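Let's take a walk through a protein model, strand by strand and helix by helix.

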There are 2 protein chains.
Amino acid sequence: MSDHGSGWLAVVGLGPGDPRWLLPEARRTIEAADHLVGYQTYLDMVPVELVAGKERHGSDNRVEIERAGLALQLAAAGERVAVVSSGDPGVFAMAAAVFEAQQDAGAPEAWRSVDITVVPGVTAALAAAARAGAPLGHDFCLVSLSDNLKPWSIIERRVRAAMEADLVLALYNPVSRHRPTQLAAAFDLIRDHRSPATPVVLGRDVGRPGEQVSVIELGALDLSVCDMRTVVIVGSTTTVIVPGAGGASRVYTPRTYPGS
Amino acid sequence: MSDHGSGWLAVVGLGPGDPRWLLPEARRTIEAADHLVGYQTYLDMVPVELVAGKERHGSDNRVEIERAGLALQLAAAGERVAVVSSGDPGVFAMAAAVFEAQQDAGAPEAWRSVDITVVPGVTAALAAAARAGAPLGHDFCLVSLSDNLKPWSIIERRVRAAMEADLVLALYNPVSRHRPTQLAAAFDLIRDHRSPATPVVLGRDVGRPGEQVSVIELGALDLSVCDMRTVVIVGSTTTVIVPGAGGASRVYTPRTYPGS
């Protein structure tokens with residue numbers, strides 16, 4: 001245990017999981033920590049050589065605020081704490097949860113003095129995009145389809161806005177056991193604005209064992225292959241599919257927009 | 001020079017510039033290359049220990065297609081080529097340009113057989129967000145304000161869509177010598193939809209020497225401090241500024257949206 005007052009809290013992005021996509025700063029921050037806090041699945045993604053000698057605090061999914069509170073409590077007591085998150089912790093992940101827990105009206109005063117640092121990472125959309133080509137080469141939008149913490153109406157408004165403004169759209173958390181219908185509802189909106197030839201990228205477990213990346217035209221898309229480990233990228237009207245030299249289709253969004 | 005047929009082309013993200021934010025895969029890919037192709041400023045960001053023994057092909061900004069063509073030509077001739085780009089090469093950077101050059105109707109047939117791989121990186125918005133807290137913790141949108149390759153009308157439509165859908169908005173290429181007025185025009189739209197208390201993050205040279213990150217309310221924002229090395233993040237209606245333990249203000253977008 002460290003001396004009271006010397007504690008710190010870093011929220012660290014692990015990237016998709018492949019150690020080749022783990023930033024040196026993330027590695028060093030985890031090395032320097034005494035405590036690793038995170039969703040158990042993400043704790044299990046930490047390279048084994050970084051885990052030795054550290055106390056691990058794994059928890060279930062969907063208890064982000066409790067997890068953030070534990071991390072703040074440890075850091076306020078002088079411990080060195082890394083909260084680990086897959087991808088980039090600032091994108092639909094733990095960084096916002098840690099700030100929320102710190103600023104909560106009922107939070108202990110000692111939590112306020114904890115300095116929170118955030119170590120970025122490669123978020124799922126960038127990873128899937130890289131594997132597929134360059135679908136995010138032009139303006140784009142990232143929306144989580146989870147309505148656990150926001151009303152469906154705002155999700156719908158955002159998907160529609162992305163379509164009307166001809167943005168490429170990356171969808172996180174497209175489906176879960178508790179939310180089987182949102183993805184189909186989002187695609188009803190998408191099909192109102194995009195032709196059947198629109199490229200769609202499905203990236204499942206990108207940067208992890210069993211990675212699957214497919215490029216499909218909207219008209220041929222079977223949504224039943226998507227699960228909570230899939231990120232979905234829907235092209236704009238300018239996004240194109242081209243034959244890749246390796247056999248698989250590639251997709252990119254040109255830098256030039258008609259009318260320029 | 002390699003044997004004809006064994007060449008490859010990788011478009012590699014350097015991240016913002018700090019070697020602690022350079023992915024191991026990016027480092028190894030650059031190490032394995034014989035040729036480094038890029039905008040001279042980005043070539044200069046490659047860690048010096050990776051440069052030795054490699055042929056460097058630096059070029060001016062705004063000649064992306066010529067640069068992409070050179071890389072394809074070298075790879076088609078059997079060379080091992082890394083095209084380097086700051087940030088993530090798939091986000092407003094070289095990856096799309098390389099696919100465009102390869103697919104151009106006038107491109108030599110040999111270029112079609114070059115397999116293009118993309119190595120992702122930490123894009124500027126994620127880097128600035130990490131430094132400022134967690135402004136991208138909820139749905140967001142990335143738009144480049146450069147109208148070199150797209151009409152201003154589509155930029156306006158996208159900025160307005162982001163505002164109307166209450167998305168956090170990150171603006172790339174906010175201003176340049178050739179485009180001094182776009183940022184002010186974008187903020188005229190933004191001010192129509194967001195209160196003066198809306199948090200704005202300005203990140204200049206994040207992850208590079210002289211890094212500056214500031215958190216300002218929209219009503220107090222002085223746009224004249226922005227230049228082409230600045231990324232601008234405009235909060236949604238739920239984004240908040242809080243006092244950071246280290247003195248600087250922090251900003252985050254809560255995971256919860258009203259009405260859920």
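Strand β9 (residues 199-204) of chain B and β11(B) pair in the antiparallel sense over five bridges. Here, two strands pair if DSSP finds at least two bridges between them. The strands are DSSP runs of E with at least two residues, the helices are runs of H or I with at least four residues, and both are numbered from the N terminus. This is a predicted model, in which local features need pLDDT of at least 70 and side-chain atom pairs count only at pLDDT 80 or more, while totals for chains, interfaces and linings use all residues. Residues are numbered from 1 along each chain as its sequence is written, and chains are lettered from A and ligands numbered from 1 in the order in which they are written.

β11(B) has another partner: strand β8 (residues 168-172) of chain B is joined to β11(B) by three bridges, again antiparallel. The table lists some residues that stand opposite each other, including one pair across the two chains.

| Residue | Stands opposite | Strand of the second residue |
|---|---|---|
| Gly203(B) | Val231(B) | β11(B) |
| Ala170(B) | Ile233(B) | β11(B) |
| Leu169(B) | Val234(B) | β11(B) |
| Phe140(A) | Leu142(B) | β7(B) |

How many of the five residues of strand β11 (residues 230-234) of chain B are buried? Five of the five are, so this strand is largely enclosed by the rest of the structure.

Now zoom out. These strands belong to an open sheet of 10 strands with mixed pairing, in the order β10(A)-β9(A)-β11(A)-β8(A)-β7(A)-β7(B)-β8(B)-β11(B)-β9(B)-β10(B). The edge strands, β10 (212-217) of chain A and β10 (212-217) of chain B, each pair on one side only. Where do the chains join up in this sheet? Strand β7 (residues 140-144) of chain A is linked to β7(B) by three bridges, and the two run antiparallel.

Helices lie across the strands too. In chain A, helix α7 (residues 152-164) lies across β7 and β8 (168-172), at about 160° to β7(A). In chain B, α7(B) lies across β7 and β8, also running at about 160° to β7(B). These angles run from 0 to 180 degrees between N-to-C directions, using axes fitted to C-alpha atoms, for helices over the stretch in contact.

What about the contact between the chains? It takes 64 residues from chain B and 64 residues from chain A, where two residues are in contact if their C-beta atoms, placed from the backbone, lie within 7 Å. On the side of chain B that touches chain A, the largest share, six residues, comes from α4(B).

Finally, look at helix α3 (residues 64-76) of chain A. At 1.5 Å a residue, its 13 residues should span 18 Å, and its end C-alpha atoms are 18 Å apart, which agrees; the expected span is 1.5 Å times one less than the number of residues. Among the buried residues of α3(A) are Glu64(A), Arg67(A) and Leu72(A). Their cover includes β1 (8-13), β2 (35-39) and α4 (94-103) of chain A. After α3(A) comes Gly78(A), with a positive phi near 100°.

Conventions
Buried ≥ 20, exposed ≤ 12 C-beta atoms within 10 Å, placed from the backbone.
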